[in-house]
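The sequence and structure come next.

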Amino acid sequence: MKPMIPNGTTALALGGEIAREDQSLHDEILSRLRDHIVEGNIPDGGRIPERQLCEMLGISRTPLREALKVLAAEGLVELLPNRGARVRALSEQDLGELFDIMGGLEGLAGRLACERITDEEIAEIERLHYEMYGFYLHRDMHGYFHVNQLIHQKIVEASRNATLQASYANFAGRIRRVRYSANFARKRERWGEAMREHETILEALRRRAGNELSDILFKHLRNKRTAAVEHHKTGEGTIPEPA
């Protein structure tokens, strides 16, 4: 007769599988919630509608609140004692300061990356670049932004500097929503400019031109800051019509 209780090895395997499934579900909830907020579905300073989001995501409030804690750590939302959470609002001064810091961090990351990046990493960034270009041609802002952020992240990772990466992650969450909305400022004109800037980023990276890439990345973030402030002032936020 076979034992009804799994042996130790089987129990550990089952436990590990359940843990992986739980982590996968948590990551999916976190990703969907982050995208929902980043894409402007809740206004700056707006309260997080927990009941509505639970229905949208098909979850209870416990996993939702766990995800909100992560987004609070990223700087995307603020947790209010006994009052839920709200989307973090940034002032024009906040935007200027944060984008300048991010420009400095990305500029340094670009210089270091050119010293340490491998051919395989450059090939992966090049693949992502052309994937992003496809999203740009199809006016797919969601896909474009997702791959755009991956490219910037890959360059930072290639710096091989853990302190730089931690600092970058700390500030990136705080302006992720603004970086997304800045693509709408000046509509197609700014989006096209950003795409051309990424062409120069890729070209400098291929040549491992550290000083040049550093300058390009800093100016790229400065241009994004200008677009973000413009968007902040006008409140424009409609996706550009396809060409």
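## Loop residues with positive phi

Arg-160 sits in the loop between helix 6 and helix 7 of this predicted model. Its phi is near 60 degrees, a positive value in a residue other than glycine. Most residues other than glycine have a negative phi. Arg-160 is partly exposed, its relative accessible area being 41%.

Arg-139 also has a positive phi, about 55 degrees, although it is not a glycine. This residue belongs to the loop between helix 5 (119-137) and helix 6. With a relative accessibility of 9%, Arg-139 counts as buried, whereas Arg-160 is partly exposed.

## Helix 6 and helix 7

The crossing of the two helices is right-handed.

Which residues form the contact between helix 6 and helix 7? On the helix 6 side they are Met-141, His-142, Phe-145, Gln-149, His-152, Gln-153, Val-156 and Glu-157. On the helix 7 side they are Gln-165, Tyr-168, Arg-176, Arg-179 and Tyr-180. Sorted by class, this contact of helix 6 with helix 7 comprises five nonpolar, five polar and three charged residues.

Gly-210 lies in helix 9, which spans residues 210-234. The residue is buried, at 13% relative accessible area. Not counting residues up to four places away in sequence, Gly-210 touches Gly-110, Arg-111 and Cys-114. Gly-210 and Gly-107 are 103 residues apart along the chain, and their C-alpha atoms are separated by 9.0 Å.

## Cysteines

Cys-114, one of the residues that Gly-210 touches, is buried, with a relative accessible area of 7%. Cys-54 is buried as well, at 8%. How many disulfides does the protein have when the cut-off is a pair of cysteine sulfur atoms within 2.5 Å? The count comes to zero.

## Ala-85 and strand 2

Ala-85 is found in strand 2 (residues 84-87). Is this alanine buried or exposed? Ala-85 counts as buried because its relative accessibility is 1%, and the cut-off for buried is under 20%.

Leaving aside neighbours within four places in sequence, the contacts of Ala-85 are Gly-46, Arg-47, Ile-48, Leu-68, Glu-78, Leu-79 and Leu-80. Ala-72 is 13 residues from Ala-85 in sequence, and the C-alpha atoms of the two are 8.7 Å apart in space.

## His-36 in helix 1

His-36 is part of helix 1 (residues 8-38). It is buried, with a relative accessible area of 16%. Apart from neighbours within four places in sequence, His-36 is in contact with Asn-41, Ile-42, Leu-53 and Met-56.

## The chain as a whole

The protein has nine helices and two strands. Their order from the N terminus is α-α-α-β-β-α-α-α-α-α-α. Of the 243 residues in the protein, 42% are buried; among the buried residues are Ala-85, Gly-210 and His-36.

What share of the contacts with a separation of 6 or more comes from residues 24 or more positions apart? The figure for the protein is 76%.

Notes. Residues numbered from 1 in each chain as written. Predicted model: local features only at pLDDT ≥ 70, side-chain atom pairs only at ≥ 80, totals over all residues. Heavy atoms only, no water. Left-handed = near helix turned anticlockwise from the far one by under 90°. Helix = DSSP H or I, 4+ residues; strand = E, 2+ residues; numbered from the N terminus. Contact = heavy atoms within 4.5 Å. Nonpolar A, V, L, I, M, F, W, Y, C, P; charged D, E, K, R; others polar. Disulfide = S-S within 2.5 Å. Buried < 20%, exposed > 50% of the residue type's maximum accessible area, 1.4 Å probe, protein only.
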